Structures are given as structure tokens and as C-alpha cells.
Amino acid sequence: TTFQDGGEEVEDGAVYNVTLKKVQIQQAANKGARWLGGEGDQLPPEHTVRQYETSKIRAIKAGTLEKLVENLLTAFGDADFSYISIFLATYRAFASPRAVLELLLDRFGNLETSSDGEVANLNSLESEMVLRVEIASVLRAWLDQCSEDFREPPDYMCLLKLLDYLKNNMPNSDMESRVQNLLKQFQNQQVEGVDGFCSTSSSDLADGEELEISNPEEFSSFQDHIVAEQLTYMDVMLFRRVVPYHCLGSIWSQRDKKENKNLAPTVRATITQFNAVTKCVISTILGTRELKIQQRAKIIEKWIHIAHECRILKNFSSLRAIISALQSNSIYRLKTTWMCVSKDILLMYEELSEIFSDHDNYLTSRELLMKEATSKFANLDSSEKENQKKSQKRLQLQKNKGVMQGTVPYLGTFLTDLIMLDTALQDYVEGGLINFEKRRREFEVIAQIKLLQSSCNSYCLIPDQKFIQWFRRQRHLTEEESYKLSREAEAAPDTNILSPKSQKSMVKRISTLFLGTDVFTPPKEQSPKSSPVGGSSGESTDSASVSSCEFNHSETEDVCVTPVSSPEDPLKKGSISSDKGSISNKGSDSSKGLDSSKGSIFDPVSGLDSGSIPTRDSGSVPSSAPKELPVYNRQSGGSCIIRVSMDGLHASVYKSILITNQDRIPDVTQRALLKHNLEPDAVEDYELVQVISEDKELVFPRDANVFYGMNSHVNFDFILRKKA
């Protein structure tokens, strides 16, 4: 089989990519060969006849909503077999379930309109029976893959509309009874107060139970593998319930708006659990003042062993939560305590930390996740012989049980990729057509999430209510409390303290991945109590920092862990060769704190490991040919991504913005205002400046070209400031 590019086909309201597929369908001997006595494939090539068939594959590239819905019925005829799955997984980015259902049932599914000739002219559909079958297959796929789309309490309008359609057009069918059962299920869950996903937060405590600081003896009574199994059990329950479209960048990036406080609840639930694990680690280490240094070191060792057990169980979510907590500000500064941790366990800790190294866009963790996504067991490897023996022994015990394991990923990796795609690729192309090529790219990530969700069915874990209740009872320390307790445990000054882990690897702050393009820039460590905690809508949106760990105690989904930074991590770009524009000494402190995070923030749009995603191409449909995606801190292909923070009202939050070599100050300013939910018409009231250092900034003239005028030798950090 060979494939050939057939170019594009343009119809009214749609653009299609065409591929020609050439398939060999027959190989036969000719008459002369038969006289030679040969048969079939025993004949030499010169005595055979090959016949080929060429078929056309059409894949919609862009179109109106009506055309995209119509394509659901014609996709199989066009040999675009994955279209229905891609559409159902991503359509929430540009349409509502009601709009799609009304088009599908009223526009194309109303069989009574066939007398008008509308149905007969619908591509290759020649009869009402064929149309009925096509609509039934689409509805069946919708119910199979995205039944949550119909959860619309209290009225369930879409589900009732679908039920009415089935009663009129497909009475007494299996699908009709299935929709009735789904409606009853949703109604019962509404009465019982079930929201479709489980929670492990402290709000689930029974009456009379109170939060408490962990008792070291009680925590030590739980075996390491039991703790890892229970954390995995909770993670699996939450991850399996993640609704894939909740992860789309265009949806998740809207979570900080006041009207969207309940947006993407399944993703928020996983973040709540991640934070709960992180805070539990910190509380068990610092919560008891009476602990001696050796006792505190033993608790750290226990958590490292638990992290290793999570690795054996292929639970990368809790593994990362534990590692990140151990690298948080209040834990890593315990220099004397870390010196009491045994060498073998420190080596194990370093190896586990290397999994989440940010080198080459977290390539190690990405490759490991894909390698083990569908494998039966973890593929353990250790450079230290003793750790290798222990790992293989524990792994053998798992294999002896005869039960396969699934894989629980760190969801933030996928959220990062989807937010980056949403930032880099445009929603609409020339003519106002929906860019469906973008949705195909997003589905590549969504498909990985679905694959891993399916693998989680392999887990066979039994909940241990004793541990789960203990876990939920834990009172989480605030940043101020944990910092204070850390200072009480070891009062040595924090300046120039070496990290207990290798300087080569660093796990960056987790919430930049979870919270996408909204990044919180914390102040320096010396004044932790002065750290702001609010994002652009009251939700903390924090980032990696070498210094501080901000908690927003009113929001459960904020990620609280700050990693360690090695002494060699700070920005090495102090020398500036040339600045295009005017450099002025800053008259305000507006971008202090930026310096504390330069060189250590993982930007959520800094790149994917896949280079096959097309760049944003204004005014035309993106090419299907692989192109380099624009990234942060590097100009390539005439585009890049910058970070813009607001001076004053939102000084601690920045947004990632795509710019090209055609963008001038008014264009970038308007996009920045829109991203910060401000009035875009006020462009003339603001000036854009690039942060060069703590005391220098680059001020742009009114009509300057930002791409060519910016200083590319420093971080692409900008401030939008109201003019005096």
C-alpha cells in the first residue's frame, strides 16, 4: 500500500485534505507463464500481473459547525475512520452539546424532510435507512465515549431530546432503553449528591471527626507498600473519572474566571489529591516539634521508600507529589536532617528525582510513561546494586501475585501540552472556518489520556479504610507554619544551602503544569509571610521558585510544592550585548520576584516532545507538513512565546502569548489585555516593557515590532504598565 498527497478540496463551508491510497488487489500469472508450468507466486516477477486500486481518503481540515456535524455522517464514506472519535473528544472547545445534538437530529436526522430531497443529496447517503444507520452509529459512539456530555442537571434537556427522537424514529430499540437508564442514573446521582467523581479531601470526614497533626507512631505503623497501594488506589479512582475534554487548553485555561469556579471538576479533583499527598508529606515531617533529627530523617527515608513503591506500582502522580514535597522549601533546607539519611536511600531518592528532570522538556518522564503505558509491570533499573536488588525483589513479589498493573500518569504533563497547543494554534482560519486540524493535534494528547485510563482497569487494589481515614484527618500546614516549624527544627541560616539532591536534576513547581498559562511569581524566601496568594480571579496560580512555597488555603486545587534550586541555577544571562530600544532604570519594584524565578520556572508552553505539530499560520489553514512549534525564550520560524504580566493590579500573574514577526505593540498589548480579562479597547492607555534585570527594562516605542525589537539574550518576560 502506498499513499500520495492529493492536495485540497474546497467546498462551501469546508476544506478537505485529500490522500490517494494505492492498494495491490490481485497478482496473477499471464498465459505465457502458464505454458511454462509455473503456478501463482512461484513465478518470477516478470511473469506476473499486478492490479492496483486507487481510493480517495478525504479528511476535513476546517469547516463550519454545520459541515463538521454533517461530516459525522459521511466520515466512513470518506475513509476518515477516526473522525467521530476526534470530534466527540474535542467539540466542546467550539460548540455545546445542545448545538451539536440539534444539528444532528433536527437538520440531518429528521427523516420526514426527505421529500425535499435534502437527505438524498447528503453526499453518498442514498436512502432513509442508510441515514438511520449512520445517525444510530454516531449516537452510539457519543453515548459510549462521552456520556458525561449529557449530565445537565436538573433538566437534562439534551438527554430528553435524544430520548424523544429515539421514541419517534427508533422505537423499542436498545439505544432507547440505554438512554432511559442513563437518565435514571444521572437523576439518582443528583438526588444522592454524587457528582460523578470521588474525593479524598478533608471535607469528607464523618461527623465528629476533626483534623489533626500526624502522630509519628501512627504513620510509622503503616507499611511502605500499603501506603503506596492506598495512594495509588485513590489516584486510580480519580484518574479514571477524568473527563478528557476537561483537559483541553481552551477549557482548562478559563478556570480562573468567576463564573467558571466549577469548571473541569474531574481535573480539579486530581489536583486536590496531588496537593493532599504533598501536604501530608510535609506535615508528617514537620508537624511534631518534639522529633529529634534522627527521627525526622527516618520519616524522610520512609517517604522515599513509599515513593519507590509508587514507582513499582507505576503511579507517577503520587511519586511526583512525594518527590516534590521533599524538594519543597521547608524540607530541603533541613541540611542536618538530610545528612542523617542513609547513602543508599539518598541514591534511590536521586534516581527517582531524575525521572522528573526538566531536561529537554521532561523527556525522561515522557519516554518512561510511554514505555510503561501498557506494560504489565514497571521496568526498573538502578545504577546502585543494592537498590537494584531491592527493586527486583519487590517487583518479583508483584509478578508472583499474577495481577497486571496499570499506569497512573502525572496529569500535569498532558495539561501542559494541551495548553501549549491551544496557545500556538488558532481556533479559526480564513473565512471564519473552525480549524479542525488543531483538534486532530489535540486528540493525539487526548488519546494518550484515554489509553492510560483504560490501562488503569488492570489494577486490583482494595481500599484500606484505616489508612484512608488517617490520610483524610491530616491537618495540612500552611506555608507560614511549615516554614516556621522548619526554622525551629534547624535554625541555621538558609543562605547558600546545598540541596540534598543532585544539582543536575530539578523537579520544577508542579502548579505551572496543572494551572497552565497563569503563573504566580512569588517573592523571595526571606519574607515568606509577605507572599501574595491570589491569582487574577482569587485563585492562586503559582510557579516554580528557588525560594518560596505559597499556599492558598481557600482553594483546594492550588498546588503547593516548591522545589529546590541548586546554587548554579540562577540566571547566567547577566551580560547583555545589545538592547534594541531605550533601557531605563526602573522606578518601581513591579517586577522584583521575577528575578527569583528566572531560570527555574517551567513555562507551560515551552515545547512538546513532538515536533510534528504545525505552527499557527495566520490567514490560512495550517499545513499538514511538520513544522516547529513556537516556544518560550527562543525565536524560531518567525514566532515565539512571551510572558506578559500586569503591573499593579495583577503584578504576580503572567500570561503566555504567541507573537510573530508581524506583530507590533498595539497587537500584543490588545492580546495581553484580553488574556488578563481587561478591556481590550484601552490599548492606548498602556505601555509594554521587557524586563532586562532587576534595575533595567526595555521600553518599546508605540508602533515598534515586538519580535525584532525585543532583547533575545534575556528571558522573554514583559510587563504591561498603565501610562502615567
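## Close-up views of a predicted model

**Overview: the whole chain.** The chain contains 26 helices and 12 strands; helices (H or I, at least four residues) and strands (E, at least two) are DSSP runs, numbered from the N terminus. This is a predicted model, where local features need pLDDT of at least 70, side-chain atom pairs count only at pLDDT 80 or more, and totals for chains, interfaces and linings use all residues. Residues are numbered from 1 along each chain as its sequence is written, and side-chain values use heavy atoms, with hydrogens and water left out. Of the 724 residues in the chain, 55% count as buried; buried means under 20% relative accessible area, exposed over 50%, and partly exposed in between (1.4 Å probe, protein chains only). The chain exposes about 31400 Å², and carbon and sulfur atoms supply 49% of that area. Accessible areas come from the Shrake-Rupley method with a 1.4 Å probe, and for residues only the protein chains shown count as cover. Among contacts with a separation of 6 or more, 73% come from residues 24 or more positions apart, a contact being heavy atoms within 4.5 Å.

**View 1: Y83 and F436, an aromatic pair.** A pair of aromatic rings is described by the distance of the centres and the angle of the planes. The structure holds 18 aromatic pairs. Here Y83 and F436 form a tilted one, 5.0 Å centre to centre with 40° between the planes. Y83 lies in helix α3 (residues 83-90) and F436 in helix α20 (residues 436-455), so the pair ties together parts that are 353 residues apart in sequence. Both Y83 and F436 are buried. Rings of Phe, Tyr and Trp (its six-membered ring) pair if their centres lie within 6.5 Å; planes under 30 degrees apart count as stacked, over 60 as edge-to-face and the rest as tilted. Ring pairs also link Y83 and F436 with F87, Y91, F94, W142 and F150 into a cluster.

**View 2: two charges over rings.** The charged end of R58 sits over the ring of Y16, 3.8 Å from its centre. Likewise, the charged end of K302 sits over the ring of F219, 5.5 Å from its centre. A charge sits over a ring if NZ of Lys or CZ of Arg is within 6 Å of the ring centre and within 35 degrees of the ring normal.

**View 3: I345 and its contacts.** Look for I345 in helix α16 (residues 343-354). I345 counts as buried because its relative accessibility is 8%. Not counting residues up to four places away in sequence, I345 touches E301, I304 and H305. I345 and H305 are 40 residues apart in sequence, and 7.9 Å apart in space from C-alpha to C-alpha.

View 4: The peptide bond from P153 to P154 is cis, with omega near 0°, and P154 sits in the loop between α5 (128-145) and α6 (157-169). N172, in the loop between α6 and α7 (174-192), has phi near 60°, a positive value in a residue other than glycine. N172 counts as exposed because its relative accessibility is 74%. Phi of A264 is near 50°, again a positive value in a residue other than glycine. A264 belongs to the loop between α10 (249-252) and α11 (265-286), and counts as buried because its relative accessibility is 2%.
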